[in-house]
There are 2 protein chains.
Amino acid sequence: MAFDTASLKFNSNGLIPAIAQDANSGEVLMMAWMNADSISKTLESGQVTYWSRSRQEYWVKGATSGNTQTLVDLRIDCDRDCLLIEVKQEGPACHTGRRTCFFTAVRNGNEVEIVTVAEDSEAP
Amino acid sequence: MAFDTASLKFNSNGLIPAIAQDANSGEVLMMAWMNADSISKTLESGQVTYWSRSRQEYWVKGATSGNTQTLVDLRIDCDRDCLLIEVKQEGPACHTGRRTCFFTAVRNGNEVEIVTVAEDSEAP
């Protein structure tokens, strides 16, 4: 069946959550939002392109930082209201310099940082 | 630092997206929503508890199907507006009987089913 973005269920702002997973390590890297056009741009360019809710503009991941996400596989869930994006991640995915945005765990009622900033991503 | 659900960023409906990942295989299983109380219930009971937007009630995953999710680790992203839940998944996570809800891939413009229904989850 041909894929049509119109078959997806977007929220009232025309957005759908997109989970980025490292295709190699399986690590979940981040969650951001896409609209129909950013899905099309991602599929056409092979560069994962979100919609920035804060800046209200397309956000080609890594366009300024160099920490790009190259599309490996795009998956749709059973309800058609969430995407899973398998990516080849260049550098850290998180703006804090950590490889994943999910670097804080809740253990025994406390927050624990479980992923440190990569040495090679430190500012000079 | 002590964890407080009030420190999270919920949407206008008081909900936060929660991504469930199989702690063993690394497979992303599903995405659903939690409110502050369902996060507390999950941490207290060890049984992953979502908020069902369609039924407007707490949804202890697997309470009726037996396909429970036991909490292994709960993680928060850098923006504090998304959760990653590492789980021990009993049986298939998807209501279709597939181990993951993300069983459809978009390849060369077409939708392709990449995960089949597990034989042992077929109705008798």
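**Where the chains meet**

Guide: The contact draws 39 residues from chain B and 39 residues from chain A, contact meaning heavy atoms within 4.5 Å. Please note that this is a predicted model, in which local features need pLDDT of at least 70 and side-chain atom pairs count only at pLDDT 80 or more, while totals for chains, interfaces and linings use all residues. Residues are numbered from 1 along each chain as its sequence is written, chains are lettered from A and ligands numbered from 1 in the order in which they are written, and side-chain values use heavy atoms, with hydrogens and water left out.

The size of an interface is often given as the accessible area lost when the parts come together. Between chain B and chain A the buried area is about 3000 Å², and carbon and sulfur atoms give 61% of it. (Buried area is the accessible area, found with a 1.4 Å probe, that two parts lose on being put together, summed over both.) On the side of chain B, the residues that lose the most area to chain A are Phe102(B), Val106(B) and Glu111(B), together 22% of what that side buries.

The same surface serves both copies, for 100% of the contact residues of chain B recur in chain A.

Side chains of opposite charge can pair when their charged atoms come close. Six salt bridges are counted between chain B and chain A, a salt bridge being a side-chain nitrogen of Lys or Arg within 4 Å of a carboxyl oxygen of Asp or Glu. Helices (H or I, at least four residues) and strands (E, at least two) are DSSP runs, numbered from the N terminus.

Glu111(B) forms a salt bridge with Arg80(A), with 2.5 Å between the closest N and O atoms. Arg80(A) is placed in the loop between strand 5 and strand 6 of chain A. Its side chain also makes a polar contact of 2.7 Å with that of Ser7(A). Not counting residues up to four places away in sequence, Arg80(A) touches Ser7(A), Leu8(A), Lys9(A), Ile16(A) and Glu111(B).

A further residue of chain A reaches the other chain. Leaving aside neighbours within four places in sequence, Leu83(A) has contacts that include Leu8(A), Ile16(A), Met34(A), Leu74(A) and Phe102(B). Leu83(A) also belongs to the largest nonpolar core, of 24 residues, in which Met34(A), Ile39(A), Tyr50(A), Leu74(A), Leu83(A) and Ile85(A) touch the most other members. Such a core is a set of buried Ala, Val, Leu, Ile, Met, Phe, Trp, Tyr and Cys residues joined through side-chain atoms within 4.5 Å. Buried means under 20% relative accessible area, exposed over 50%, and partly exposed in between, with a 1.4 Å probe and protein chains only. Strand 2 of chain A gives the most to this core, with four residues. A second, separate core of 23 residues includes Met34(B), Tyr50(B), Leu83(B) and Val87(B).

Finally, consider two salt bridges within chain A. Asp73(A) pairs with Arg75(A), the closest N and O atoms being 3.0 Å apart, and Asp73(A) counts as buried at 6% relative accessibility. The side chains of Arg99(A) and Glu27(A) meet in a salt bridge of 2.6 Å, N to O. Arg99(A) lies in the loop between strand 6 and strand 7 of chain A and Glu27(A) in the loop between strand 1 and strand 2, so the pair ties together parts that are 72 residues apart in sequence.

Technical notes
Polar contact = N/O pair within 3.5 Å; in protein donor to acceptor, adjacent residues only side chain to side chain.
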